[in-house]
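Work through the exercises below with the structure in view. Try each task before reading its solution.

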Amino acid sequence: MIATQEPPLYRALTFLQSLAAKKTSRDAAIYVAGTFAVAAVPLILLPILTRYLSPADYGRVAIVQGLIALAVPFIGFSLHGAIIRFHVDSDRRTLAQYLSSCTGVSIAGLIGVLLIVLFFQDTMSAVSGVPTIWILMSVVAAFFGCQTVFVSTVLRAERRPISFCGFQFSQVAFNLALSLFLVVVAAGGWQGRASAIIAASIIWGLIAMVWMGTSYGSITLPRIEFIRDSLKFSVPALPHTLAALGMIYSDRFILVDLLGAGEMGAYVVAQHIAGFMLLFGNAIGFAWVPWVFQKLKDGSDVSARNIVHATYICFGALTAAAVSIIFVAELAMPWLVGAEFQSATTFIPWLVCAALFNSLYVIVSVYIFYEKKTYLLSVITPTCLVLKLAITYWLVPFLGATGAAIGSLVSMVMLLVLAWVIGQRSTRMPLHRGFRFGSA
């Protein structure tokens, strides 16, 4: 039978209409709405913190956040990726045992990291610029943060976006309330804000552990075979995870070294605003990954074409979001942050575009994770990190913090290109037919 020759625009609109009626699109809409509700909470804090904290103090808070983020892969070993992949082929009972095994691995990681910090405490305190007690507290917060990630991963895999968003929003709302009290009411300075971040991580981590125990019966002894499986999936990706964190946080430490904490504070404000782009990308990614996994498991040509069509739709939506964020940020900066932080405006376009390419990377890298070829990411991400470090160290002495922003953008573009090429080698997709909506 000869295919109907409708105009391309008509076929595109027809595909969008059919996609909107599916659960994946509804899930993505909930993730986007919930994620931006979560993002609105720290946005409320931004005008307050930039008026109650100096750029240097804001930079110290950013260092504590960076310490937590850097401790996570050494404690959690990126086990959330193993959990969501295991969920595809598991039942409820084996998933409970798998979660218990992952928690056991993270406990061992916590003990190891605490011992390392205690052994190198003087050096680490000198490099980070914060007392040892804050480093230790950051490590503990990272452990409990891993437990919240485990629960969030299961909720994503089970396609429960309302529960996922509610769990995250409640934590961020508590963080907001406690931060306002400790910084504004109690005049706790940067220590008050850091204390709120750590307390929220610990409390919600405990809630996550209770939830796993009651909902999945995961309070069981870890199973050796599940420990091996989770580490086999996650450890090869550890260099990728560490390099990815380096791409996010390395410029902060470079700026502190070359320009001082004050300039780094304004740069971090711009990163927070650019973070809205990452939130939008992550919201789409939360629905995207389990949906693509199901389609790839199906293995049909129709499923492959649907993935490709949805890929280009995501690309367009993410690009539109980036343009909108840059435009709105330019208008809102005078009242959004204090006078000492207005220089952040210069960095926003560069960092939002970098976040855009990072979000596009999430879309195309899904094939690598599905094929369990995470070791490939351990090659491309460190490569991009080296590129970023080289560009940043070269440009910052001439362009200031703008040089760090340019380094972020160039490295994220390279990350997207490499992931797309390798992803295509892992799972062949008809990308050249991405704009042909309709029957093949």
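**Exercise 1. Sort the lining of the largest pocket by residue class.**

The lining has 12 nonpolar, three polar and no charged residues. Here Ala, Val, Leu, Ile, Met, Phe, Trp, Tyr, Cys and Pro count as nonpolar, Asp, Glu, Lys and Arg as charged, and the others, Gly among them, as polar. The model is predicted: local features need pLDDT of at least 70, side-chain atom pairs need 80 or more, and totals for chains, interfaces and linings use all residues. Residues are numbered from 1 along each chain as its sequence is written, and side-chain values use heavy atoms, without hydrogens and water.

Next, find the centre. Of the 15 lining residues, Leu67, Leu70, Ala71, Phe74 and Met124 lie nearest to it. Then name the elements: helices H3 (55–76), H5 (92–119), H6 (121–128) and H7 (132–157) each give two or more residues to this lining. Helices are DSSP runs (H or I, at least four residues), numbered from the N terminus. A pocket is an open set of points on a 1 Å grid over the protein atoms alone, where a 1.4 Å probe fits, with protein on both sides within 12 Å along at least five of seven lines; lining residues have an atom within 4 Å of a point.

**Exercise 2. Describe how H3 runs against H11.**

Start with the axes, lines fitted to C-alpha atoms over the stretch in contact, with angles from 0 to 180 degrees between N-to-C directions. The axes of H3 and H11 (residues 238–258) come within 10 Å and cross at roughly 170°. H3 is therefore roughly antiparallel to H11, a term for angles over 145 degrees.

Now list partners in contact (heavy atoms within 4.5 Å). Leu70 and Phe74 are among the H3 residues that meet H11, whose residues there include Leu245 and Tyr249. The contact has 11 nonpolar, three polar and one charged residues.

**Exercise 3. Compare H11 with H16.**

Their axes come within 7 Å and cross at roughly 10°. H11 and H16 are therefore roughly parallel, the term for angles under 35 degrees.

How values were computed. Parallel < 35°, antiparallel > 145°, perpendicular 65-115°, else oblique.
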